[in-house]
Structures are given as structure tokens and as C-alpha cells.
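Have the viewer open as you read.

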Amino acid sequence: MKKRKIKKRYIIIAFLILTILCAALPPTRSCLIMSIYSSIENSKSVMHENNFKIDIPSNKEWYPFVITFNPINFGVWSKTDADMSIMYNFAKFDLKTMSSEILDPESEKNSTFYGAYALSQQDGFFGFKDGEINMDEIALTFKYDYRLLVLRDIGCDLPFFEVDDFEIENNVEFLEEGGWIKIDAVLKTNSMIHNYKEFHTNYIQYGRPKYTVNEDFPEIDMYGRLYAKAFEEYNCTVIFYVMSPSLDTIENCDRQLLQKSTIETID
């Protein structure tokens, strides 16, 4: 009986040691922290407040799950009264560098995100005016997100983001439903590639950059694809998106992940 108790104690101790060691590894630590944080944010998101949910899949090429975040000052910054929730995902961790490939200058998924925005406002629908798409307003979501929440929060002091060109296709079928607006855009912005200098909070989710590069946050051409629709039943605008320096990544992410997403009403 005593031997069994001792054996059980050793198993518990070994499990605790293993748990601590795993939590110390950047990929595991990132997943633990971000899963809890995302769950909390999702419970007070635009989607939750308006009785619907968005499910966006992931796969082995990407971080294990899509994260939810609710910026508190988007409406003030954009000079609209819109509340916004951001759902996003990025490239998987490289187990050699213990950081996400989003920071790898050799990866086609560097500086790449996919996900969705949900926006609600008191009057009308964000991104639409008189039933037509308002590209200037739509662009604000990406400018705010990538410039301020991504680039600035990893140490880019002068981030910029401009829509260089775009093409709009109306009444597209997406998620087995018509009425979506599809936009393909060419963007001018900064890459996320940079040398490590000091800790930034966003390294908790991405890991630290482990590569030496000649220039921090160089200017690049980026491509974006989005699907936007105003949902009267939720009083919200929903925008699915992928943005990347790689056109192949845009196409693959659209086909494999965005097209397999769902929007459902919740009680």
C-alpha cells in the first residue's frame, strides 16, 4: 500500500515537472495563454453581443486555432461609432527557432494573417453607404489592425499601410450564400521581419524573431482578399480576410480555410 502511494506521488511530481517544462516552451506557452485570453475576449465580442458566432478553421500549416480580440478604441480612432471584434490566425511555430513563421524572412507566410472582422454601429452598416461598399471605411479596419495592433506592438515606430489598388466583385457566392462583396487589393506596408532588440508583449503569441536581417520592417508589397457582407439579422458587417506577401498563400488560404468557415445564430 505504501509503495503504491510513493509511486503515485512520483507520477504526480513527474507530471507537474513535465507540465512546467512544456509551459516554458514558447509554442506551448503561447497556446496556453492565447487560448484563455481568446475565450475571455470571445465572451464579450461583437459576435456574442449580437447572437451569432463565426467559426474559422485552421490546419497544420497554421497556429492551432483562431484568436479573438476586441480593440477598445477603434470607434474613436476611425471617427465612427463602430465596435469591432477581430478574429485572426498566423503561421505555425517552427520548432527549431521556437517562433512563428510569421517572423521568418524565408517563409511565404511571413507577415501573413487570415480571419474575420465583425463590426456593429448605431446607424447603418460599417463599410457600406446607401447599399454600396465604402472602400475607404473598409480599409480602416486593416490600417488600424496591421499598423497599430501588429507592427507598432512589435517595435515598428513608423508603421504605414496604404491600399495601392483594388478590384471589387459584387454579389459573389461565399459560404454557400449570395450577396457577398469580394475585394482583391494590392497593399503597400511594412513587413513584420525585424531583428530582436527588446521584449514586446506580442512575442508571447509569436515567439521572438531569431533571424538576423539587414533591415527592420522593410517596405513590401502585400496582397489582400476579403469578403464583406452586411447582415441585417445581426445588425453587423462581417469581413473575412487574408493578407500576405504571397499570392499562392492568398489562394490556398481562401480555398482551404476561408471557404470552409461558418456563421451561425446562437440563442
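## An exposed glutamate

Glu 167 is exposed, at 60% relative accessible area (exposed is over 50%, buried under 20% and partly exposed in between, with a 1.4 Å probe and protein chains only). Bear in mind that this is a predicted model, where local features need pLDDT of at least 70, side-chain atom pairs count only at pLDDT 80 or more, and totals for chains, interfaces and linings use all residues. Residues are numbered from 1 along each chain as its sequence is written, and side-chain values use heavy atoms, with hydrogens and water left out.

Glu 167 sits in strand E9, residues 161–174 (strands are DSSP runs of E, at least two residues; helices are runs of H or I, at least four; both are numbered from the N terminus). Setting aside neighbours within four places in sequence, Glu 167 touches Lys 182, Ile 183 and Asp 184 (contact means heavy atoms within 4.5 Å).

## Helix H2 and its buried face

On H2, the buried residues are Pro 27, Ser 30, Met 34, Ser 38 and Glu 41. Looking down the axis of H2, they fall within an arc of 65°, so they line one face of the helix (the arc is taken over directions from the helix axis to the C-beta atoms). These buried residues pack against strands E2 (67–69), E3 (83–89) and E4 (93–94), plus helix H6 (203–206).
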